[in-house]
Amino acid sequence: MFKKSLIAMAMGGTMAVSAQAGEVEVLHWWTSGGEARSIAVLKEMVEDAGHTWTDFAVAGGGGENAYTVLRSRAVSGNPPAAAQIKGLEIQEWGDLGFLASLDDVADENNWDAVLPSVVADVMKHDGDYVAAPVNVHRVNWMWANPAVFADAGVDIPTNLDELWAAAEELQAAGVTPIAHGGQPWQDATTFESIVLAVGGADFFNDVFVEMDQAALESDTMVEAFEEFRKVNDYIDRGAPGRDWNVATSMVIRGEAAMQFMGDWAKGEFTAANMTPGEDYICAPFPGTADAFTFNIDSLAMFKQRTAANAEAQMTMAELVLSPSFQETFNLNKGSIPARTDLDMGKFDDCALASMETFKSTAASGEGLVPSMAHGMSTTSTIQGAIYDTVTEFFNSDMSAEDGATRLARAVRAAQ
Ligand code: GAL
């Protein structure tokens, strides 16, 4: 624990009340119902520790808008104290010299011991901790309304063939089979799950981590584009531009049968007081049960001008890894804790299944893959090139062969 907090506790305080009150301005894009409930937990803890929280929320799932705003604030020499940035983006900010070292807090709180290396590695720049992980999201999920499936007499699909057969029957029963939001990051989220289902984890790594040209242009990739095209047949006319949480609410209300989305969608079901296994179903994206596409959210800390604000920032970093924050935040957010040593007693079956697959794939070294759509596998430039191609394909009649060829070319040009 951070020394000042210990002193405060020894002096009779129950909270980590700090000697010097500072301000933390936190840039994030957690604005949906479930997301807002989650970030509110951290705000309350920071305020209880005696600091001021300045909320800097920039709406837009997936974070593209937030990243744009962050760049302009940083360029004008006025970055926030903390920003929800993650994956390789952390390295990009670290290379530019903007990030503060969290090593004192990390050492005192044993981050190296409590975090799995797959998480810790993402948080470090040149060996120093510069970001604090709040969670681990699994991206390759499917969210289903069981009543809608039952009414249509359809089982929850476990592979792609079953998926299209189910979608056909749901459609025949007059239901929108797939709730989709036509935004580039959502297209990419669905696309990467299909690539995982078609090609498996090794192929996923070849294309989205190694950016292997032969794999990007392979028959397997052509097949992935063909499968991805089928999604278009089963979404509704309102899909273009729709926010992801609006798509989730279609499943919640029974207006659509299922959504393909990471487990931040569970935060919406939780906020609507729904029980997994009864009111909604979480199932691995069809054909990906043994794999885990990870997306780790984190708060990177920017260098501060005043000692008080730096102290507030370090207190916040410490709080982020505290067991009570990790538990409450993740119960609301739909993810699992970034620390794998916590009691999971309060978590539901979806979270327990997620933790089990996360641990087993990490231990075996097979099936654990970094999300391309959520910035874990590649730079923002290459990710942007992939988004563009995938979205263009989805919204045109481009052939699957052309899709694969263009994807390979776009990645090459962005490298
Ligand atoms: C992801 C982020 C999640 C969730 C989602 C939708 O990129 O990691 O925490 O916020 O976007 O906004």
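Predicted model: local features only at pLDDT ≥ 70, side-chain atom pairs only at ≥ 80, totals over all residues.
Residues are numbered from 1 along each chain as its sequence is written, and side-chain values use heavy atoms, with hydrogens and water left out.

**The two domains**

Colour the protein chain by its division into domain 1 (2-137 + 295-350) and domain 2 (138-294 + 366-414), bounds that come from an automatic or database domain assignment. The C-alpha centres of domain 1 and domain 2 are 29 Å apart, and the contact between them (heavy atoms within 4.5 Å) takes 26 residues from domain 1 and 29 residues from domain 2.

**The cavity**

Next select Trp29, Glu35, Gly62, Trp264 and Asn295, which lie nearest the centre of the largest cavity among the 15 residues that line it. A cavity here is a set of points, on a 1 Å grid over the protein atoms alone, where a 1.4 Å probe fits but cannot get out, and lining residues have an atom within 4 Å of a point. Grid points are joined across faces, edges and corners, and a volume is the space filled by probe spheres set on the points. The count comes to one cavity of 30 Å³ or more, and the volume of the largest cavity is about 100 Å³. Its lining divides into five nonpolar, six polar and four charged residues, where Ala, Val, Leu, Ile, Met, Phe, Trp, Tyr, Cys and Pro count as nonpolar, Asp, Glu, Lys and Arg as charged, and the others, Gly among them, as polar.

**Salt bridges**

A search of the whole structure finds 13 salt bridges, each being a side-chain nitrogen of Lys or Arg within 4 Å of a carboxyl oxygen of Asp or Glu. Helices (H or I, at least four residues) and strands (E, at least two) are DSSP runs, numbered from the N terminus. Arg73 counts as buried at 17% relative accessibility, and Glu25 counts as buried at 18%; buried means under 20% relative accessible area, exposed over 50%, and partly exposed in between, with a 1.4 Å probe and protein chains only.

Move to Lys230 and Glu227, which form a salt bridge at 2.9 Å, N to O, and which, being three residues apart in helix 12 (residues 219-231), are separated by about one helical turn. Lys230 is partly exposed at 29%, whereas Glu227 is buried at 10%.

Then select Asp297 and Lys333, whose closest N and O atoms are 3.9 Å apart in a salt bridge. Asp297 lies in the loop between strand 12 (292-295) and strand 13 (298-301) and Lys333 in helix 16, so the pair ties together parts that are 36 residues apart in sequence. Asp297 is buried, with a relative accessible area of 3%, and Lys333 is buried at 2%.

**A last stop in helix 16**

Finish at Leu331, in helix 16 (residues 323-333), which is partly exposed at 26% relative accessibility. Not counting residues up to four places away in sequence, Leu331 touches Thr270, Lys346 and Phe347.

Note on methods
1 Å grid on protein atoms, 1.4 Å probe; cavity = no way out; pocket = protein on both sides within 12 Å on 5 of 7 lines; lining within 4 Å.
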